[in-house]
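Please keep the sequence and the structure in view while reading.

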Amino acid sequence: MASNLSMHLKHCFSPPSLRSYFAEFISTFLFVFTAVGSAISARMLTPDVTSDASSLVATAVAQSFGLFAAVFIAADVSGGHVNPVVTFAFAIGGHIGVPTAIFYWTCQLLGSTLACLVLHFLSAGQAVPTTRIAVEMTGFGASIMEGVMTFLLVKGLATTALGALVVGLVTGACVLAASSLTGASMNPARSFGLAVVSGDFKNQAVYWAGPMIGAAVAALVHQNLVFPSAPEPLPHESRHGSVETVVV
């Protein structure tokens with residue numbers, strides 16, 4: 001048992017693993033920077049964003065391209081998770097180990113928080129827009145909504161570079177569909193970073209519980225019903241030049 005633990009620890013701190021952690025940090029930073037930055041810009045250009053659909057379209061497009069770029073640049077190194085719930089889904093499926101998943105989560109949360117901090121200070125102290133649920137919705141309903149959207153994302157497994165673009169487009173569609181209802185986060189790291197910088201942790205459970213459940217269901221459906229097969233190798237063990245596990 002001690003030898004197994006030592007082997008796992010050695011693997012977690014091997015050069016390929018360290019590169020994958022850094023890739024998750026950078027890619028998550030990129031995505032959150034574009035997603036939150038676009039929301040700040042839209043609010044500055046259109047103070048009353050609730051009455052102008054153009055700001056919603058602009059943020060949806062920004063998130064689509066930002067996520068596509070983030071997943072694409074990290075896919076060959078770490079698998080391009082960019083999202084704690086994606087890592088959770090792959091841990092459930094046995095594609096990555098729990099210690100590696102913990103390091104992925106840590107890097108994703110740190111990348112998101114740093115992106116929000118940079119935006120807050122470089123935008124002359126502009127308040128970061130936290131993800132909120134609509135007044136008409138309950139926390140349970142918002143969790144279900146976030147879970148359904150996350151299911152659609154994690155279910156969109158792909159093994160080609162085109163998959164990164166597809167995931168970005170799905171994200172943009174979900175933002176257009178539910179941004180006014182729940183903020184369409186679908187990413188606990190993004191909501192966490194915003195909460196840390198703003199100091200507002202209200203409804204954080206919505207953005208963790210819903211996506212986690214949606215991702216877990218998607219992983220189980222994909223592994224047992226759609227493509228029942230043996231677990232794939234770790235993302236950083238994939239052959240060079242291919243894009244593995246392009247999901248967010």
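According to the UniProt record, an unreviewed entry, the annotation "transmembrane region" covers residues 21-41, 53-73, 80-96 and 160-184; UniProt positions are given in the numbering used here, feature names are shortened, and annotations may be inferred rather than shown by experiment. The model is a predicted one, in which local features need pLDDT of at least 70 and side-chain atom pairs count only at pLDDT 80 or more, while totals for chains, interfaces and linings use all residues. Residues are numbered from 1 along each chain as its sequence is written, and side-chain values use heavy atoms, with hydrogens and water left out.

The protein as a whole has 9 helices and 0 strands, where helices (H or I, at least four residues) and strands (E, at least two) are DSSP runs numbered from the N terminus.

Turning to the interior, buried residues make up 47% of the 248 residues; buried means under 20% relative accessible area, exposed over 50%, and partly exposed in between, with a 1.4 Å probe and protein chains only. The largest nonpolar core has 25 residues, and those with the most contacts inside it are F31, V36 and M186; such a core is a set of buried Ala, Val, Leu, Ile, Met, Phe, Trp, Tyr and Cys residues joined through side-chain atoms within 4.5 Å. Helices α2 (15-45), α3 (53-78), α5 (98-122), α6 (139-155), α7 (161-182) and α8 (188-198) each supply at least two residues of this core. Leaving aside neighbours within four places in sequence, V36 is in contact with C116, L119, P129 and L194, contact meaning heavy atoms within 4.5 Å. A second, separate core of 11 residues includes V86, I96, V154 and A219.

On the surface, F22, I26, F72 and I73 form a nonpolar patch with about 390 Å² of accessible area together, and α2 and α3 each supply at least two of the patch residues. Accessible areas come from the Shrake-Rupley method with a 1.4 Å probe, and for residues only the protein chains shown count as cover.

Two loop residues other than glycine have positive phi values. V82, in the loop between α3 and α4 (84-92), has a phi near 60° and is buried, at 0% relative accessibility. N203, in the loop between α8 and α9 (206-226), has a phi of about 65° and is partly exposed, at 27% relative accessibility.

Finally, C12 is found in helix α1 (residues 2-12) and counts as buried because its relative accessibility is 2%. Although C12 and A101 are 89 residues apart in sequence, their C-alpha atoms are 9.8 Å apart in space.

Note on methods
Patches are made of residues with over 30% relative accessible area and no salt bridge: like charges are joined within 9 Å, nonpolar side chains (Val, Leu, Ile, Met, Phe, Trp, Tyr) within 5 Å. A salt bridge is a side-chain nitrogen of Lys or Arg within 4 Å of a carboxyl oxygen of Asp or Glu.
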